[in-house]
Amino acid sequence: MQYIPNILFVIVLVAGIGYFTKNIRKVIRNIRLGKDVDRSDNKGERFKNMAMIAMGQSKMIRRPIAGILHIVVYLGFIIINIEVLEIIIDGIFGTHRIFAFLGGFYDFLIASFEILALLVFVGVVLFWTRRNVIKLKRFWNPEMKGWPKNDGNLILYFEMVLMALFLVMNAADLQLQELGADHYIKAGSYPVSQFISPLFDGMSEGSLFLIERGAWWLHILGILVFLNYLYFSKHLHILLAFPNTYYGDLKPQGQLDNLEAVTNEVMLMMDPSADPFAAPADDQQEGEPEKFGASDVMDLNWAQLLNAYTCTECGRCTSECPANQTGKKLSPRKIMMDTRDRLKEVGDNIDKNGSFVDDGKQLLNDYITPEELWACTSCNACVEACPVSISPLSIIIDMRRYLVMEESAAPTDLNNMMSNIENNGAPWPFNQMDRLNWSNE
Amino acid sequence: MSETVKVPTMAEYMAEGKKPEVLFWVGCAGSFDDRAKKITKAFVKLLHSANVDFAVLGAEESCTGDPAKRSGNEFLFQMQAVTNIEVMNAYEIKKVVTACPHCFNTLKNEYPALGGDYEVMHHTQFLKSLLDEGRLTVEGGKFKGKRITFHDPCYLGRANNVYEAPRDLLKKLEVELIEMKRCKRNGLCCGAGGAQMFKEPEPGNKDVNIERTEDALETKPDIIAAGCPFCNTMMTDGVKNKEKEDSIEVLDVAELIANAQDL
């Protein structure tokens with residue numbers, strides 16, 4: 001009978017980690033639905049970017065208030081996880097504060113966790129205030145209605161509760177230590193929970209034990225639930241920020257990729273010795289011609305899909321976007337959210353049917369409208385603003401490519417501009433032979 | 001602006017069996033837009049005054065394809081690129097300078113993969129290098145002490161991380177350089193990029209160039225300096241919209257330097 005808590009703990013732990021693993025495999029599978037793109041180059045620079053941008057939070061602090069609060073929560077999250085390691089070992093083996101043998105260093109660790117827990121709690125309350133009381137504009141854009149708003153708040157509540165449970169657990173533990181209760185060895189230093197502890201003054205050992213164990217169990221259960229919540233939430237960024245900054249685009253921001261399929265055709269057109277009626281070489285498959293641009297998530301590359309899963313909807317991109325600032329429908333954040341939502345929908349479709357079955361929907365029109373796409377000035381403000389190296393612009397351009405090259409659906413003005421370039425080599429209807437007239441005007 | 005400036009073409013150089021130090025890529029705006037032509041002329045005057053051996057492609061130049069590419073027409077872009085690259089490679093061009101950040105970005109970043117590898121400079125970078133080499137003198141002249149704010153072109157700044165060259169040149173003019181609240185990597189677009197120049201904006205509550213002009217007006221400038229023909233148009237329209245065209249000029253960095261010296 002005495003092993004029941006241990007067995008329960010192991011079952012809960014395995015179930016929690018197992019379900020999370022299952023879902024993460026789905027995320028990876030979904031990302032792999034994207035087209036191939038080579039991001040295996042420049043490993044050194046990529047590691048540096050990951051170290052600076054994800055670990056070092058270098059782009060977060062460009063907005064100092066949110067940046068500093070975020071660093072507090074981020075550090076708290078990472079460092080307090082050492083405590084989770086102790087909880088897991090204690091849970092499996094039925095020990096209590098297994099790391100207590102570290103002595104003075106253990107006191108230091110617990111004290112640090114407590115201070116961080118308090119700071120995280122305060123930080124999260126301030127985050128909540130920014131969203132719900134100060135109502136920062138970027139958290140109230142149209143795409144933030146409903147689930148995205150609730151998701152953002154739910155994450156904050158989770159963190160508040162987890163930090164509170166951790167401190168309550170320690171406060172009760174401290175009382176039990178002082179009562180000399182069985183199992184509760186004197187260990188740790190409690191700079192924060194010593195002020196919570198007096199709330200439990202005069203309680204019986206049994207009640208204190210219930211509080212301590214209750215908080216302990218709820219804390220670890222909360223962590224496991226939170227872990228599994230990630231998959232359903234924008235909060236996946238705590239994991240994906242690292243690969244996303246590693247695999248980020250290293251080219252200058254102004255450089256768009258040149259579509260290889262187009263290059264092949266253009267080179268063929270320009271090659272005077274090419275035989276347009278030649279049979280394809282044996283090694284060339286004559287399949288369906290490649291689609292130009294993107295109308296659905298499968299047409300994007302895996303790095304763009306990873307971008308979509310990484311987006312945590314902070315809205316810095318949208319708040320910097322000139323189109324959005326001047327009331328246009330375009331919101332770079334919505335581009336990323338739509339891409340992710342459609343990708344999840346496609347993933348669910350695959351789960352249900354074994355492989356993707358046409359659902360009559362696509363990213364274009366059903367999620368992202370041409371009006372949004374045509375409002376972009378390609379100024380890269382969104383790319384510059386993103387704290388985790390996401391490029392909404394690359395998706396916008398790929399979707400414009402589909403609209404123009406597959407659907408011939410550019411706005412009339414742009415069609416005129418393009419036919420001018422075709423006919424006379426300039427976006428305006430001037431004769432190419434007059435290009436030097438300015439020199440003697 | 002009826003005055004003839006001497007502008008040699010690559011074809012003329014070829015006929016004489018010579019090669020210029022640098023190709024001046026004029027661009028469509030610089031060739032055809034009345035406002036931008038003034039920038040082109042100012043830059044040519046500076047090239048002459050620094051004794052730079054340059055040539056243009058003239059009628060052999062064609063749109064780089066930038067607005068087509070940003071509109072999504074990769075075919076048209078690559079057709080333009082491949083054609084231009086053929087011309088430039090035939091002349092064995094090594095170095096290109098242009099006064100248009102869009103041409104600059106496309107030539108510099110998107111042509112190499114298609115076979116067009118050149119050293120590409122924006123005209124502010126090129127002028128800065130002439131200044132550093134002592135070939136060009138930049139003096140305050142009539143702009144000395146004026147309040148000037150510089151609007152970063154997206155395709156020069158964020159797109160290619162060139163922020164200092166235009167500012168270094170402006171400082172040499174002994175002007176009072178005042179930064180807008182959004183500048184350098186945080187600079188706001190003028191609204192023309194991504195082929196917006198050639199179309200009506202989508203419905204909204206404001207035009208981007210008005211928003212940006214308001215940023216500029218906050219600095220109470222005498223002059224708004226630009227480094228891009230399209231930004232120049234957008235900011236000029238913005239200033240007109242605010243009925244400030246009598247008190248605020250929008251000038252390219254090259255024009256400022258040339259005008260300061262009454263070239």
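**View 1. Helix α16 of chain A, a mostly covered helix.** In this predicted model, 14 of the 15 residues of α16(A) are buried, a residue being buried if 20 or more other C-beta atoms lie within 10 Å of its own, exposed if 12 or fewer and partly exposed in between, with C-beta atoms placed from the backbone. The helix runs over residues 392–406 and reaches 21 Å from its first C-alpha to its last, close to the 21 Å expected at 1.5 Å a residue, where the expected span is 1.5 Å times one less than the number of residues. Helices (H or I, at least four residues) and strands (E, at least two) are DSSP runs, numbered from the N terminus. Just after α16(A), Ser408(A) takes a positive phi of about 45°.

Residues are numbered from 1 along each chain as its sequence is written, while chains are lettered from A and ligands numbered from 1 in the order in which they are written. Because the model is predicted, local features need pLDDT of at least 70 and side-chain atom pairs count only at pLDDT 80 or more, whereas totals for chains, interfaces and linings use all residues; pLDDT is the predictor's confidence in each residue, from 0 to 100.

**View 2. The largest nonpolar core, with 151 residues.** A nonpolar core is a set of buried Ala, Val, Leu, Ile, Met, Phe, Trp, Tyr and Cys residues joined through C-beta atoms within 7 Å. Among the residues that touch the most other members of the largest core are Met399(A), Leu46(B), Ala225(B) and Ile257(B), and α16(A) gives the most to this core, with 9 residues. A second, separate core of 32 residues includes Leu167(A), Val192(A), Ala215(A) and Trp216(A).

View 3. Leaving aside neighbours within four places in sequence, the contacts of Ala225(B) include Ile148(B), Phe150(B), Leu170(B) and Val253(B), two residues being in contact if their C-beta atoms, placed from the backbone, lie within 7 Å.

**View 4. Helix α6 of chain A and its packing.** At 1.5 Å a residue, the 25 residues of α6(A), residues 205–229, should span 36 Å, and the end C-alpha atoms are 35 Å apart, which agrees. The buried residues of this helix include Leu208(A), Phe209(A), Trp216(A) and Ile223(A), and the buried residues pack against α3 (64–93) and α5 (147–179) of chain A.

**View 5. Helix α6 of chain B, with 10 of its 10 residues buried.** Among these buried residues are Pro101(B), Cys103(B), Lys108(B) and Glu110(B). What covers the buried residues of α6(B) includes β1 (22–25), β3 (95–98) and β4 (119–122) of chain B, together with α2, α4 and α5 of that chain.

**View 6. The contact between chains A and B.** Chain B gives 59 residues to the contact and chain A gives 56 residues. The elements that give two or more residues to the side of chain B that touches chain A include α3 (34–49), α5 (74–90) and α9 (208–218) of chain B, and α5(B) gives the most, with 7 residues. By class, this side of chain B has 24 nonpolar, 20 polar and 15 charged residues, where Ala, Val, Leu, Ile, Met, Phe, Trp, Tyr, Cys and Pro count as nonpolar, Asp, Glu, Lys and Arg as charged, and the others, Gly among them, as polar. The predictor gives the complex an ipTM of 0.95 and a pTM of 0.95.
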